[in-house]
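Hi everyone, thanks for making time this morning.

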Amino acid sequence: MVKLDQVTKYYGSFQALNGLNLQIDKGELFGFVGPNGAGKTTSMKIMAGLLACDGGTLWIDGEQVTPGSGSWREKIGYMPDFFGVYDNLKVMEYMEFYASIYGRENDRRYLYELLDRVGLAERGEVYVDHLSRGMKQRLCLARTLIHDPLILILDEPASGMEPRARYELKEILRQLSIDGKTILVSSHILPDLSEMCTSIGIIEKGKMVVKGTVEEILSTFSEANPLLMTFTGGQEAGMRILKEDPRTRNIASRGSNVSVLFNGGEEEEADLLAKLIAGGARISAYRRAEGSLEALFLKLTDKGDENANA
Ligand SMILES: Nc1ncnc2c1ncn2[C@@H]1O[C@H](COP(=O)(O)OP(=O)(O)OP(=O)(O)O)[C@@H](O)[C@H]1O
Ligand SMILES: [Mg+2]
């Protein structure tokens, strides 16, 4: 549905996007995560047709398009990360104003439905500037939906929202996804995205460092997490076996619980367990520690720094 291939973008001599690759399939709810300045807003603006890029190729809905000359723009609903100031404009007037771009300003029922979708049905006569930040963001989302776009590109829609509002936004996005929209949503808050997104991409210094489903990402990097085991007997023999194994590092024990970094997949883990048992160890628990996406995020974006300095 959306594909970026080797997209580059310079601001003056500063390279903001450095060969960015990204693919979002139809119906996906794709989470775009990265630290400040990674290039999320830049790439989202390019996808929305608002900014030209300096190199690379972009496809929208199966068609190759030229960023910056957005004839495909009607397919996209773009929600910027910044909400403007609207003096003396009421919520329904705001919706009518944006609807007038598409000749739908008189379709009050439709606009009301959209407000209802984002939980602002009761606020039509309230001044926009009197809305709370979270409400403004939801209003902005309602406006993004006016022309019923195929693809939603939402730049940090949850920023500054309290947990309840975040939860409600997640439910709204989930529903939009069920209704068939393809959604790209950016955030700094990884656990927020990991719960609702079908796929995640982590961007760092204008490059995609990792992408996949949350499970895929975690399992790819699971080797970074220690193996945990509990001995009920034969611990000394077990420790010896662990130390001799070339794939282990950082063996630590606390009483009968042992943690060890182990370089190997599931089959190798099973082999190690068999070896331990054959060597006389009795083990009552044996598993990989579960990684948190947050820890992985920190690790990956850290690595980006090392690479940059290398
Ligand atoms: N108009 C501009 N002129 C010059 N540099 C810019 C401009 N816009 C962005 N940049 C730079 O490009 C890089 C990427 O910025 P971008 O806004 O895309 O990052 P981001 O991932 O959205 O960050 P954040 O999480 O802070 O929103 C940053 O280093 C930023 O300083
Ligand atoms: Mg941004």
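Predicted model: local features only at pLDDT ≥ 70, side-chain atom pairs only at ≥ 80, totals over all residues.

Is it buried or exposed? Gln137 counts as buried, because its relative accessibility is 11% and the cut-off for buried is under 20%. Setting aside residues up to four places away in sequence, Gln137 touches Met79, Glu156, Pro157, Ala158, Ser159 and Met161.

Now for another polar name, Lys75. You'll find Lys75 in the loop that runs between β5 (63–65) and β6 (76–79). Lys75 is buried too, with a relative accessible area of 17%. What does its side chain pair with? The side chain of Lys75 makes a polar contact with the side chain of Asp61, at 3.3 Å. Beyond its neighbours within four places in sequence, Lys75 is in contact with Ile60, Asp61 and Glu63, and also with Pro149, Leu150 and Ile151.

For contrast, please look over at Asn250. This residue is in strand β12, residues 248–254, and Asn250 is exposed, with a relative accessible area of 57%. Leaving out neighbours within four places in sequence, the contacts of Asn250 are Ser259, Val260 and Leu261. If you'd like a sense of scale, Asn250 and Glu122 are 59 Å apart in space, C-alpha to C-alpha, and 128 residues apart in sequence.

How many residues surround ligand 1? There are 13, and the closest are Gly37, Lys40, Thr41, Thr42 and His188. By class, that shell holds five nonpolar, six polar and two charged residues. Here are some atom-level details. A backbone N or O atom of Gly37 sits 2.7 Å from an oxygen atom of ligand 1. A polar side-chain atom of Lys40 is likewise 2.7 Å from a ligand 1 oxygen. In the side chain of His188, an N or O atom is 2.8 Å from an oxygen of ligand 1. Taken alone, ligand 1 exposes 640 Å², and the protein buries 61% of that.

Which elements build this shell? β2 (14–24) and α1 (40–47) each supply at least two residues, and α1 gives the most, with three.

So let's look at α1 itself. Why do we call this helix largely enclosed by the rest of the structure? Because six of its eight residues are buried. Those six are Lys40, Thr42, Ser43, Met44, Ile46 and Met47. Just after α1, Gly49 takes a positive phi of about 85 degrees.

The largest nonpolar core has 49 residues, and Tyr94, Met95, Leu139 and Ile200 touch the most other members. Helix α2, residues 91–100, contributes the largest share of this core, six residues. There is also a second, separate core of 28 residues, which includes Leu20, Phe32, Ala38 and Leu51.

Finally, what surrounds Ile200? Not counting residues up to four places away in sequence, the residues it touches include Phe30, Gly31, Val33, Leu190, Leu193, Val210 and Ile217.

Conventions
Residues numbered from 1 in each chain as written. Chains lettered and ligands numbered in written order. Heavy atoms only, no water. Near = heavy atom within 4 Å. Polar contact = N/O pair within 3.5 Å; in protein donor to acceptor, adjacent residues only side chain to side chain. Areas by Shrake-Rupley, 256 points an atom, 1.4 Å probe, with all protein chains shown as cover. Helix = DSSP H or I, 4+ residues; strand = E, 2+ residues; numbered from the N terminus. Nonpolar A, V, L, I, M, F, W, Y, C, P; charged D, E, K, R; others polar. Core = buried A, V, L, I, M, F, W, Y, C linked by side-chain atoms within 4.5 Å. Buried < 20%, exposed > 50% of the residue type's maximum accessible area, 1.4 Å probe, protein only. Contact = heavy atoms within 4.5 Å.
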